Amino acid sequence: MIGAGPAGLAVARALTERQLPYTHLERHTALGGVWDIDSPGSPMYESAHFNSSKALSAFGGWPMPDHFADYPSHRHILSYLTSFAEAYGLTERIEFGTEVSGVDKNPDGTWTVTRADGRQTVHGQVVVCTGSQWHPNIPDLPGNFTGEIRHAVGYRSPDELRGRRVLVVGAGASGCDIACDAARVADRAVISMRRGYWFIPKHIFGRPADTLATVGPRLPMWLEQKLFGALLRILNGDPTRLGLQKPDHKLFETHPVLSSTLHHHLQHGDITARPGITRTDGSTVHFADGTHDEFDVILLATGYKHKVPVAQKYFGDEQHPDLYLSAFSREHEGLFGVGFLETNSAAYGLFDTQSQMIAGYIHDAQRKLPNAQRFARMIRCDRPDLSGGIKFVDSPRHIGYVNSGTYVKYLTKIAAGMGWRTEGRPPQVTSVRHRETVA
């Protein structure tokens, strides 16, 4: 197993619960993945918080502490991951400071994992959990901007923006956060987005917005879009009043943008909203609405590519690997990936479900059980529609995007048919060490 971030830890627990031996490699000197702000290359920044609520974001069997805020800070998330690993005896089994340079498939179907120091080991299966927010997507800017251009992957603190004229490009979670940081310290703060988006406040009626879906009756998607869309129009008003564009799509057809502070700063004039960039000329940036302004720095919050450098030739597309249920390689038996899922809900529970299914499959395949053989055929042939009836916008991020509710329902159905559980259990006192065969 490669990577000891949230996805890697979820897989490690699932394997441990079934007493499956494994090797766990992590290039950094500590666990946590992107949530460790000190990990080289991490995209974490000081003001970052979880973008889903603690109530829906924990691993099964290990809830987040009550004293955590509704949307915990990155430091609290790292402490949660650390406590999770310690509770299940995972930390001591991680080989820290061990970078993987490559993964290669052998003629007999096994896998050779090569470390940066040249050492090689052979394994029956490989689970890649290297994460999806390490390799920035950097678009070309038209013209010749003479100021600083940087991607959000390298941003850490508002101090970097103090006294500067800042343009943030992109309105995802990091784009909104960084624009709000700039609003407090920059000489000028502008956020540019190519289209209008639906902005969901982090709290609605005094409770985390994502928990609303867990109360009341389950509604058809078209009705949920209509009712919740009407509620957002009441809560947020006309977006054009704040310089925002009207959404050119229905609610949920793009990845949700949860932010309460962006509207606050727009309402107070601390941030100016602009449409997409048409061209740059020196320090001047021209926008699609005909306006222009001078900037010292353009900060690109334009997302990431799902690169898998250790095994790209087996994972295929850099934007979104073609994995069955976003976890099982269709072409290469024994190769799995967790952490490459794009969906509209909290991730950790989904990582848990994917991990439990991978572990269940490996366990039963080693015993040559009929259900594992049946599932192997599904990996090759089954292509379910997991959109939930939502027509996602045509953008790189939404390639392979799934509706969380539909995804979970389908995985739960398959797991039940195979006899696999979908959630990890509370930690046990005892632990068993085994000979390591799974990487």
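A residue is called buried when its relative accessible area is under 20%, exposed when that value is over 50%, and partly exposed in between. I begin with that definition because Ser326, at 7%, falls under the cut-off and is therefore buried. Please keep in mind throughout that what we are looking at is a predicted model.

Let me stay with Ser326 for a moment, which sits in the loop between strand 22 (323–324) and strand 23 (328–329). Its backbone has a positive phi of about 60 degrees, although Ser326 is not a glycine. Phe205 also has a positive phi, of about 55 degrees, and Phe205 is not a glycine either. You will find Phe205 in the loop between strand 13 (203–204) and strand 14 (207–208). Is Phe205 buried or exposed? With a relative accessible area of 68%, Phe205 is exposed, whereas Ser326 is buried.

Now I turn to a sheet. As a reminder, strands of a sheet pair through backbone hydrogen bonds, either parallel or antiparallel. Here 3 strands form an open sheet in the order 3-4-5, and their pairing is antiparallel. Strand 3 (100–105) and strand 5 (120–123) stand at the edges, and each has a single partner strand, so one side of each is left without a neighbour in the sheet. From one strand to the next, the twist averages 20 degrees. If you look at strand 4, residues 111–115, you can follow its antiparallel pairing with strand 5 over 4 bridges; for example, Thr112 has Val122 of strand 5 as its bridge partner.

The next topic is the aromatic rings. A pair of aromatic rings is described by the distance of the centres and the angle of the planes. Across the whole structure, a search finds 23 aromatic pairs. In one of them, the ring centres of Trp62 and Tyr88 are 6.2 Å apart and the planes stand at 70 degrees, so this pair is edge-to-face. Trp62 lies in the loop between helix 2 (54–57) and helix 3 (74–87), while Tyr88 lies in the loop between helix 3 and strand 2 (94–96), so the pair ties together parts that are 26 residues apart in sequence. Trp62 counts as partly exposed, at 22% relative accessibility, whereas Tyr88, at 10%, is buried.

Why is the pair of Phe228 and Phe252 stacked? Their ring centres are 6.1 Å apart and their planes are at 20 degrees, and planes under 30 degrees apart count as stacked. Phe228 belongs to helix 5 (residues 221–236) and Phe252 to the loop between helix 5 and strand 15 (257–258), so this pair ties together parts that are 24 residues apart in sequence. Phe228 is buried, with a relative accessible area of 15%, and Phe252 also counts as buried, at 13%.

Technical notes
Residues numbered from 1 in each chain as written. Predicted model: local features only at pLDDT ≥ 70, side-chain atom pairs only at ≥ 80, totals over all residues. Heavy atoms only, no water. Helix = DSSP H or I, 4+ residues; strand = E, 2+ residues; numbered from the N terminus. Buried < 20%, exposed > 50% of the residue type's maximum accessible area, 1.4 Å probe, protein only. Pairing = 2+ DSSP bridges. Axes fitted to C-alpha atoms, helices over the stretch in contact; angles between N-to-C directions. Phe/Tyr/Trp six-rings, centres within 6.5 Å; stacked < 30°, edge-to-face > 60°.
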